[in-house]
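Q: I would like to go through this model with you. Could we begin with the overall fold and then turn to individual residues?
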Amino acid sequence: GAVAPNVHLAIRIAGVAAGLGEIGWSKVFLTRKFGPRQRLAAILTDLELEPDPLLPPNTLCDQCMGCWEGCPSDAIPHLNDED
C-alpha cells in the first residue's frame with residue numbers, strides 16, 4: 001500500500017492540488033504572496049491531513065498577457081495565437 005519509490009511528482013500540479021496557488025498563462029506557478037517567485041518542495045506521507053481549499057480558476061492570473069509582452073524569446077503564446 002505504500003507509494004512506489006520511483007514515483008514522479010509534478011510539483012506545480014501538486015502545489016495547485018494542495019491549494020497553494022495556481023498555474024498562470026505562462027505555465028509558471030503563482031502564489032498570492034510571492035507571485036512567480038518561490039521554490040516548491042514536497043514531502044510524501046500517508047498521514048491524513050486536512051487539505052487547504054483550492055483557488056478558483058483565474059484568481060491570480062487574469063490572462064492580462066503581461067508575461068507575453070515581457071517575454072524576449074516569444075516562448076509564451078498569446079491568447080489570439082492559433083494552434
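Predicted model: local features only at pLDDT ≥ 70, side-chain atom pairs only at ≥ 80, totals over all residues.

Q: How many helices and strands does the chain have?
A: The chain has 2 helices and 2 strands. Their order from the N terminus is α-β-β-α.

Q: Why is the chain described as more spread out than a compact globule?
A: The radius of gyration is 16 Å, well over the 12 Å that the globule rule gives for 83 residues, so the chain is more spread out than a compact globule. The C-alpha trace spans about 45 × 25 × 25 Å along its principal axes.

Q: What share of the residues is buried?
A: Buried residues account for 18% of the 83 residues in the chain.

Q: On to His 78: is it buried or exposed?
A: His 78 counts as buried because its relative accessibility is 19%, and buried means under 20%.

Q: Where does His 78 lie, and what is it in contact with?
A: His 78 lies in the segment after helix H2 (66-69). Leaving aside neighbours within four places in sequence, its contacts are Trp 25, Met 65 and Trp 68.

Q: Now the surface. Which residues make the nonpolar patch of about 260 Å²?
A: That nonpolar surface patch is made by Val 7, Leu 9 and Leu 44.

Q: And where is Val 7 found?
A: Val 7 is in the segment before helix H1 (11-17). At 45% relative accessibility, Val 7 counts as partly exposed.

Key:
Residues numbered from 1 in each chain as written. Heavy atoms only, no water. Helix = DSSP H or I, 4+ residues; strand = E, 2+ residues; numbered from the N terminus. Buried < 20%, exposed > 50% of the residue type's maximum accessible area, 1.4 Å probe, protein only. Contact = heavy atoms within 4.5 Å. Patch = residues over 30% accessible without salt bridge, like charges linked within 9 Å, V, L, I, M, F, W, Y side chains within 5 Å. Areas by Shrake-Rupley, 256 points an atom, 1.4 Å probe, with all protein chains shown as cover. Salt bridge = Lys/Arg side-chain N within 4 Å of Asp/Glu carboxyl O. Rg over C-alpha atoms; globule rule 2.2 N^0.38 Å.
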